[in-house]
Amino acid sequence: MKIPSLAGAVLLAAVTAVLPLPGGASAVAAADTRIDIDVRAGLATIGSTAVGVNHAIWDSQLGTPAVADLLADAGVTMVRYPGGSYADIYHWRDHTAPGGYVAPDTDFDTFMAGARRTGAEPMIIANYGTGTAQEAADWVRYANITKGYGATWWTIGNENYGNGHYGAAWEADDHADKSPKEYAANVVAYSAAMKAVDPTIKVGAVLTMPGNWPDGIVGAGDTGTWNQEVLTRAGSAIDFVDVHWYPGGGTPAETLTRTAHIQDAVHLLRGQIDRYAGTNADRIQISMTETNVEVGRTTQPGALFLADVYSGLLAQGVFTVQWWNVHNGLGTVTEVAGETDYGDYGLLSSGNCNADDTVCQPPLNTPFAPYHALSLVGDLARAGDRFVGTGSDNSLVSAHAVRRANGDLAVLLVNKDPDAAHTVSLNYQGFEPAAGAPTVASFGNGDDRVQTGTGGSAAVQTLAPYSVSLVTVRSGRTGSGSPKAPGRPSATVTDRTATISWPAGAAGLKYEVYRQNGGVSEQLGETGGTSLTVGNLEPGRRYTVNVLARDGSGRLSQASPPLTFTTGTPANASCTVKFRDSNDWGNGYVGTIDVTNNGTDPVNGWTLAFTWPTGWQSVSSGWSATWDQDGRTVRVTSDAALAAGATANVGFVGNYSGPNVLPTAFTLNGTVCTSA
């Protein structure tokens with residue numbers, strides 16, 4: 001949560017203009033960037049709550065028709081209340097927040113009226129810090145029994161790991177025991193009390209995003225990290241987990257690289273849920289209820305980040321992504337990419353000035369740049385449509401694509417280069433575009449609205465510097481009758497193989513299995529049955545696959561839900577390696593590795609090798625051997641003899657600046673070891 005600063009001003013209605021884009025140029029620049037789009041690589045299906053924002057009780061504009069309509073125009077489908085850390089001091093019945101400011105006309109009923117006008121579902125934060133399970137249950141009763149609001153989504157608290165247990169303390173918490181064990185016990189109690197009133201609600205617990213503080217840290221007296229403790233003790237009582245992500249970065253360029261963390265962070269979080277939350281853990285969903293940037297909040301870097309992060313998280317199955325905040329107030333004023341940045345976390349201007357009135361924001365409710373990016377995401381991420389695989393060969397240009405129910409493609413292109421336009425070639429796999437210029441909606445640096453028209457072609461688009469463009473490409477395919485997409489596959493894996501299985505479809509179908517690989521999937525095989533064994537896989541590697549069905553007329557179905565698995569290591573190798581994160585402090589850790597010789601002969605001098613799964617992991621220093629890192633490959637060399645049956649122990653200090661995905665495959669003198 002970020003601290004507010006609000007003041008009244010004159011309302012300025014947002015106007016969306018439709019302007020033609022330049023599409024009739026006689027010459028088109030040669031493409032310098034390749035974008036691949038593969039509809040055979042099916043990602044997550046978009047739900048009804050995908051595009052979210054935060055409301056706060058200190059915002060006098062909360063629930064007003066003007067704001068509700070602006071959010072509706074942007075495609076917002078979920079709104080969160082009562083506002084970040086204020087949730088842990090807020091008492092809904094008398095609409096008070098001791099120690100904080102509550103604006104007039106921001107009570108729960110006003111919020112719900114605004115949410116309904118927007119057409120958005122509410123996400124409500126029950127007060128954990130200074131409240132009780134009974135207070136939360138009474139709120140459920142009032143909302144859903146007395147008022148009939150049908151409020152489904154309820155989170156227990158806000159950033160409760162920030163209660164002082166790990167040192168930093170910004171979140172109110174009156175519990176004498178501030179451990180994750182205590183929080184988990186209360187989550188169970190809250191969930192039971194709330195669901196006794198309305199069994200249909202969904203209850204969420206607060207976790208931390210992998211790669212962000214205090215991820216990886218084991219607090220005093222704890223047996224595991226915050227996430228491990230909460231999931232182990234409260235997993236059976238929750239329906240979703242709630243995380244926040246402020247990725248930092250000292251410059252806009254650095255911040256905009258952090259979206260590369262998304263896939264690994266969600267993978268790690270999903271793995272924690274599956275590992276610790278008990279039976280049927282796959283029912284537990286993931287919400288991202290706060291995100292924003294530290295540099296360029298009201299200018300184009302914030303807009304580019306929003307477009308990239310919403311799309312990336314939704315594609316990985318996060319069911320809602322929510323910007324912090326609708327209004328927040330004037331911060332430190334700077335110039336970013338030639339535009340005035342007001343240092344405001346809000347989507348809309350608060351219309352306030354600094355203390356001596358020398359700098360003022362635009363009139364109240366003027367949309368900032370991230371709002372316009374949000375409107376493009378709202379048009380991209382429509383409920384029921386589905387993200388598909390994309391790839392880019394230019395680190396400054398990212399792409400996200402959605403397959404519409406009618407077969408069309410919506411492609412969101414983000415040019416993070418502040419200085420240069422980029423001409424991109426769009427290459428399709430499993431999709432045939434129709435002839436004619438596509439519809440293009442774009443928002444560029446310094447624009448005050450999204451511009452919409454037709455321009456370029458389905459094959460080539462030119463992106464202005466620092467811009468977001470949504471290209472809608474019509475399908476050139478006519479007719480219907482394609483097979484139904486196969487159901488969710490499963491896999492049984494070894495170190496080198498995976499047997500992939502799926503539910504049977506109609507008679508006479510053939511099935512094709514594809515491995516996702518950016519925007520160009522690799523076909524692993526086909527079969528007339530309902531399982532396929534794939535060989536020649538790499539030990540300890542993560543794979544994501546889809547299954548598609550083809551009928552006798554050659555018509556191909558849409559992709560199955562994606563399946564991600566990681567291959568193992570040999571069961572009886574001549575060596576065994578045990579890798580441990582022994583002491584983590586949030587961006588680094590002490591690692592230890594045990595290397596055991598399982599053979600009958602000594603190993604006279606040895607080299608252990610492994611590869612970091614990401615580019616933001618490294619060895620800072622090591623001991624008990626010679627450590628060397630080249631790119632992402634680490635080699636640990638010793639001249640000592642390792643006797644048959646003996647174990648050598650080596651250690652190191654590791655650093656990471658993103659999700660810390662630990663390596664799982666190791667070689668000893670070139671031989672793949674068993675990982676313990």
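Buried means under 20% relative accessible area. By that cut-off Cys673, at 0%, is buried. The model is predicted. Its protein chain has a mean pLDDT of 94, and 96% of the residues reach 70 or more. Over residues 2–27 the pLDDT is below 50, although this stretch has 56 contacts beyond near neighbours in sequence. Where pLDDT is low, the predicted coordinates should not be read in detail.

**Disulfides**

- The whole structure holds two disulfides, and in sequence order the bonded cysteines pair 1-2, 3-4.
- Cys575 bonds to Cys673, with an S to S distance of 2.0 Å. The torsion about this S-S bond is -95 degrees, and the link is left-handed.
- This pair links distant parts of the chain, 98 residues apart: Cys575 lies in strand E27 (residues 575–584), and Cys673 in the loop between strands E35 (671–672) and E36 (674–675).
- Cys575 is buried too, at 1% relative accessibility.
- Cys353 bonds to Cys360, S to S 1.9 Å. The torsion about their S-S bond is about 105 degrees, so this disulfide is right-handed.
- Cys353 is partly exposed at 31%, and Cys360 is partly exposed at 35%.

**Aromatic rings**

- There are 40 aromatic pairs in the structure. Tyr81 and Tyr90 are edge-to-face, because their planes stand at 85 degrees, with ring centres 5.9 Å apart.
- Tyr81 is buried at 0% relative accessibility, and Tyr90 is buried at 1%.
- Both tyrosines belong to one aromatic cluster, whose members include Trp92, Phe108, Trp139 and Trp154.

**Charges over rings**

- Arg297 sits over the face of Tyr345, 3.7 Å from the ring centre.
- Arg275 sits over the face of Tyr276, at 5.4 Å from the ring centre.

Notes. Residues numbered from 1 in each chain as written. Predicted model: local features only at pLDDT ≥ 70, side-chain atom pairs only at ≥ 80, totals over all residues. Heavy atoms only, no water. Phe/Tyr/Trp six-rings, centres within 6.5 Å; stacked < 30°, edge-to-face > 60°. Buried < 20%, exposed > 50% of the residue type's maximum accessible area, 1.4 Å probe, protein only. Lys NZ or Arg CZ within 6 Å of the ring centre and 35° of its normal. pLDDT = per-residue confidence, 0-100. Contact = heavy atoms within 4.5 Å. Disulfide = S-S within 2.5 Å. Helix = DSSP H or I, 4+ residues; strand = E, 2+ residues; numbered from the N terminus.
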